[in-house]
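Me: I have a model open and would like to go through it. Can you start with the overall shape and then move to the details?

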Amino acid sequence: MKHPLRHAWGRLLLAGALTTGLLACQGRQGLRSEDSEKVTVLRGVRVIDGRGGAPLENAAVVIQGATLQRVGPVDEVEVPASATVIELPGRTVLPGLISNHSHLGMTRGTDSGGQNYQRDNIARQLTQWESYGVTTVTSLGLNTPLVYELQKEVEQGTLPGASILSGDQGIGVPEGAPPMKVVEHQLYRPATPDEARQDVRETASRHPAFVKVWVDDFGGTVKNKMTPEVYTAVIDEAHRQGLRVAAHIHDLEDAKRLVAAGVDVLAHGVRDREVDAELVDAMKARGTWYIPTLGLNESFYIYAEGPAWMADPFFRRALSPDLARQLDDPAWRASVLEDGKTAPVNKQALTINLKNVKTLHDAGVRIGFGTDSGATPVRIPGFAEHRELKLLTEAGLTPLQAIQMATANAAELLGLKDRGVIEAGRRADLVVVQGNPSTNIDDLSRIESVWHRGKQVPGPTAAPTQE
């Protein structure tokens, strides 16, 4: 018997592949003379296409409307007479970054909670992500129905900012995870498997990208933890409805049980112990995706330590005034570093997470890209994604491997065939940077311009800050 989810997902991927193939063929055949959409050529650039291979030097990228029409060596790409040509020697073009795990509207300044899930606040966050080159964001749970309105407006071009995919409300636990303030219609907390199935069916009626479950006791700080009976019911019902499930986890044993139950995505890295062959083999056999969110634990202590890069304008522009004051406050820094627990516990978790992502990557497990940005004030939209890329290289991945996770891999995890790679027929979601991030990941923060759906948008020099 065919699995209903795999059957439905296969049809969706086939349709996307056919559409992409047709667009790519149009790109290879050249521009249609009757098409009056504006043509822009980025010329003389280095192209990192997102697939992990060596960059293409001295290339031309032809954008028509929202679509990439041609990509190739400068001497092989014909430039239409009507095109606007932008000469960019020494610059690198790569796909817009894609976050598989973020949260919309949960923070404002230094405040956290569902009361911040407001249109103006989310609009600022979307614009900030976009300005930092993150052109697609997955809000993985804790969403109200407003998310679907905003999603449509972004795609229609009436609302600036990163494109949105949604994990809808998500499935939490009564008197358990997630331990945060929420508002009405922002989170389910079923007490029984039957209630969980009903919540999933209601979620499916809104057609989100994922169903999210929280399977963690947050270090023993919450009263209850989701039972295997409940999360198994969620996974089974989601698959019946043609939806995939992403799970918040921390511990290795929970990861193993969830993979065995058929979860599609582990939405955080394993951080209590090193992963073992049992988990690696199970994830590979089932095709389970892994999102390490390395920066999650680092964010608890790194700003209190005051690394030199905190003075960099690229970081400072991402801060709201209130958050900047908190991070600069010596008393706040001391409170974090002197409590004897926050830094040591989270440093240990990060060390394990770094080792595990390298182990899983080298073993061939499918790895996406996410940061939990927007979940707390110190997981800063836009900047968090750049910090995550740096941490991936500290884990032992090459810059090109890290970039692949944040572009082609992240698009594949979401089933998106129209972005994540620079090639004819894809969406013109691009980041132009100075330098060469294929050899120095720090150059990815030297953003010169961002293109989203073929339109140039303000970069981080004009990034809005939250109030």
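This is a predicted model: local features need pLDDT of at least 70, side-chain atom pairs count only at pLDDT 80 or more; totals for chains, interfaces and linings use all residues.

Reply: Residues are numbered from 1 along each chain as its sequence is written, and side-chain values use heavy atoms, with hydrogens and water left out.

Me: How many helices and strands?
Reply: There are 15 helices and 18 strands. Helices (H or I, at least four residues) and strands (E, at least two) are DSSP runs, numbered from the N terminus.

Me: What share of the residues is buried?
Reply: Of the 467 residues, 56% count as buried. Buried means under 20% relative accessible area, exposed over 50%, and partly exposed in between (1.4 Å probe, protein chains only).

Me: And what about the contacts between residues at least 6 apart in sequence?
Reply: Among those, 71% join residues at least 24 apart. Contact means heavy atoms within 4.5 Å.

Me: Switching to charges. How many salt bridges does the whole structure have?
Reply: The search finds 35. A salt bridge is a side-chain nitrogen of Lys or Arg within 4 Å of a carboxyl oxygen of Asp or Glu.

Me: Which residue does R257 pair with?
Reply: R257 forms a salt bridge with D254, and the closest N and O atoms are 3.7 Å apart. The two are three residues apart in helix 6 (residues 252-261), so about one helical turn separates them. D254 is buried at 5% relative accessible area, while R257 is partly exposed at 44%.

Me: What is the spacing for K358 and D362?
Reply: K358 and D362 are four residues apart in helix 13 (residues 342-363), again about one helical turn. Their closest N and O atoms are 2.6 Å apart. K358 is partly exposed, with 26% relative accessibility.

Me: Which residue bridges to K390?
Reply: K390 forms a salt bridge with D442, the closest N and O atoms being 3.4 Å apart. That pair links distant parts of the chain, 52 residues apart: K390 is in helix 14 (residues 383-394), and D442 is in the loop between strand 16 (430-434) and strand 17 (447-452). K390 is partly exposed at 25% relative accessible area, and D442 is partly exposed at 37%.

Me: Now E130. Where is that residue, and is E130 buried or exposed?
Reply: E130 sits in helix 2 (residues 119-131). E130 is buried yet has no salt bridge; the nearest side chain of opposite charge is R453, 5.4 Å away. For charge, Lys and Arg count as positive and Asp and Glu as negative, while His and the chain ends are not counted.

Me: What does E130 touch, then?
Reply: Leaving aside neighbours within four places in sequence, E130 is in contact with G161, A162, V450, H452 and V457. A polar atom of the E130 side chain lies 3.5 Å from the backbone nitrogen of G161.

Me: What do the buried residues of helix 3 pack against?
Reply: They pack against helix 2 and strand 10. The buried residues of helix 3 (residues 146-156) are L146, V147, Y148, L150, E153 and V154. Just after helix 3, G157 takes a positive phi of about 85°.

Me: Last topic, backbone geometry. Where is the cis peptide bond?
Reply: A cis peptide bond joins A177 and P178, with omega about -10°. P178 is in the loop between strand 10 (163-166) and helix 4 (193-204).

Me: What is phi for D168 and for H185?
Reply: D168 has a phi near 55°, positive in a residue other than glycine. H185 has a positive phi of about 65° and is not a glycine either. D168 is buried at 2% relative accessibility, whereas H185 is partly exposed at 47%.

Technical notes
A polar contact is a pair of N or O atoms within 3.5 Å; within protein, one must be able to donate a hydrogen and the other to accept it, and residues adjacent in sequence count only if both atoms are side-chain atoms.
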